[in-house]
Amino acid sequence: MTTLTSHLGPVSQLLPHQIPTQVVAKIDTGDTAWLLAASALVLLMAPGLALFYGGMVRSKSVLNMMMMTFGALAAITIVWVLVGYSVAFGDDVGWGLVGDPLQHFGLQTLVAESADSWLTVPIILFAMFQGLFCVITGALVSGAIADRARFGAWIVFVSAWTVLVYAPIAHWVFDFDRDGHTGGWLANRVGTIDFAGGMAVEICSGASALALALVVGTRVGFGNDAMRPHNLTLVMLGAGLLLFGWYGFNAGSALGANHTAAVVFVTTTCAAAAGSIGWLLMERFRDGHATTLGAASGLVAGLVAITPSGGSVTPLGALVMGLAAGVICGLAVGLKYRWRYDDSLDVVGVHLVGGLVGTIGIGLIGSASAPTGVAGLLYGGGVDQLGKQLLGAGVVLVYAFVLSGVIAWLVHRFMGFRIDEEHEVTGIDLVIHAETAYDLHSTAGSRSGGGGLQAPKATAGPFGQQASQD
Amino acid sequence: MKIVTAVIKPHKWEDVRAALEGVGITGMTVSEVSGYGRQKGHTEVYRGAEYDIALVPKVRLEIVLDDADVEGVMDAIVGSAATGRIGDGKVWVSPVESVVRVRTGDRDQSAV
């Protein structure tokens, strides 16, 4: 993602770590070590999100909520390795829209050491790092359809979405030109800045979530029943893991252990802290209470906003960015009740809106002293970058919304996306997965078969017989 | 024989238990229940969405005893469970036809 630095002209001179494109980059062990660790951190965001989302739903659907994340992790990884990476980072097939979908089929072309060329890290590691971004983006979308979606339909949707929605957008914003390789149009032709995925991850997931929520429809009782989070301690643990993993996401996007990574590490922390404070202040004034869920949500909102902008703002700019995201996202989550779309866990309010704040914010408070070296409107940079950011954000929003809507509609039409109303009321965990999250009653029943074996008779152990005779 | 049922505030349960021990009650059945009366419920707020939570958590005690012990037990419960504020709960007495102690098969008076 931040290969942007070496391809935007004068910026590359400011960054000593960047290797000129015409020279084959030498593998750097420090960079590679950091990206290995960062990739694992990004992966950790998936179980973190499962806890974050799982705690927010009712106890009868927590397992399904977590399974949508774990299912996305499995399905997207497979699709990404097969074709997703090629669509995103293969040689462009025309107009900067998509990469050659079969160029790196199965990542076969990246296995040999000779494949390492244009980065200081192995390209195959870069490919998996990018794949994990797609995993977390897809998993984020599931928050819009809590409690009511058929699991198989979700897996089909998110697999198609990987190829048709995420990968092309990643190509547009993350795939930079280099010698012998043409990348995507937004990054190279327009010059839109998206450090770690404000458009590809946040706006994309939020717009996809909105489309999906509209196609799937509202939950039974939406707007009337108390659909309160069943376990806020899980939500807090999940938010903590997301924050921890986000360092891999943002600082890892420097693709090296270098100064840019360090700056982004700091801006990420600042935005998370300010986001939390922003949300808490807003709800303290509006509702009268500073809530636990507000603290966790504001933290994530701040992180969302700093995702595109982490390399473009100063620490003070990051504080402003986080504060703005916390307040604006906190206000935006209420819109679903007014407009009656059931974005159950506020993917739109937090990720779409927060992504817009961060992406557009670069054009306002971007600092020339930050790694991307572009001044925003308020720093005397004029409206040039602001226009590029608005264009990129708008196009990604519309594309993700329309394409996701079409995929969701087709899945709904031919497979059915909804479970029965009666099953939804009973609880999706029990109906779809034949499990319940919590064993709260010891009188559970007895085994009735399955597993390919007869249920064994209980035995008393070697001394059981004697003991019973005493 | 009678059964005394009391629904009280959860945080008063230890006081009530101590008071009942004071009048010689050695056993009872306790359940965590929820309900509402004049106290009504409360409001919770999640991401700005307000929910009226109608049910308030309470503790329910059930004690089977001899007719002669009823008044003393009622007084002990009421005296120890009262805070003077709304939502303190209720105590009521109902007749019991027959009792069996499962372990011994003892019936009625000797089983209480």
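Two strands are taken to pair if DSSP finds at least two bridges between them. Helices (H or I, at least four residues) and strands (E, at least two) are DSSP runs, numbered from the N terminus. The model is a predicted one: local features need pLDDT of at least 70, side-chain atom pairs count only at pLDDT 80 or more, and totals for chains, interfaces and linings use all residues. Residues are numbered from 1 along each chain as its sequence is written, with chains lettered from A and ligands numbered from 1 in the order in which they are written.

In chain B, four strands form an open antiparallel sheet, ordered β2-β5-β1-β6. Its edge strands are β2 (29–35) and β6 (89–95) of chain B, each pairing on one side only. Neighbouring strands are turned by 20° against each other on average, direction ignored. Angles run from 0 to 180 degrees between N-to-C directions, and axes are lines fitted to C-alpha atoms, for helices over the stretch in contact. Seven bridges join β2(B) to the antiparallel β5 (residues 56–65) of chain B. B:Val33 has B:Lys58 of β5(B) as its bridge partner. Helix α2 (residues 70–81) of chain B packs on the sheet and touches β1 (2–8), β5 and β6 of chain B. The direction of α2(B) makes about 5° with that of β1(B).

Chain B holds two helices and six strands, in the sequence pattern β-α-β-β-β-β-α-β. Its radius of gyration (over C-alpha atoms) is 17 Å. The C-alpha trace of chain B spans about 60 × 30 × 20 Å along its principal axes.

Contacts (C-beta atoms, placed from the backbone, within 7 Å) link 14 residues of chain A to eight residues of chain B. On the chain A side, α10 (259–286) and α11 (292–309) are the elements that give two or more residues. That side divides into five nonpolar (Ala, Val, Leu, Ile, Met, Phe, Trp, Tyr, Cys and Pro), four polar (the others, Gly among them) and five charged residues (Asp, Glu, Lys and Arg).

Within chain A, helix α8 (residues 198–216) packs against α11(A) at about 145°, with axes 8 Å apart. A:Gly198, A:Met199, A:Val201 and A:Glu202 of α8(A) meet A:Val304, A:Thr307, A:Pro308 and A:Ser309 of α11(A). These residues divide into four nonpolar, three polar and one charged.

Chain A averages a pLDDT (the predictor's confidence in each residue, from 0 to 100) of 90.

Technical notes
Two residues are in contact if their C-beta atoms, placed from the backbone, lie within 7 Å. The radius of gyration is taken over C-alpha atoms; the globule rule is 2.2 Å times the number of residues to the power 0.38.
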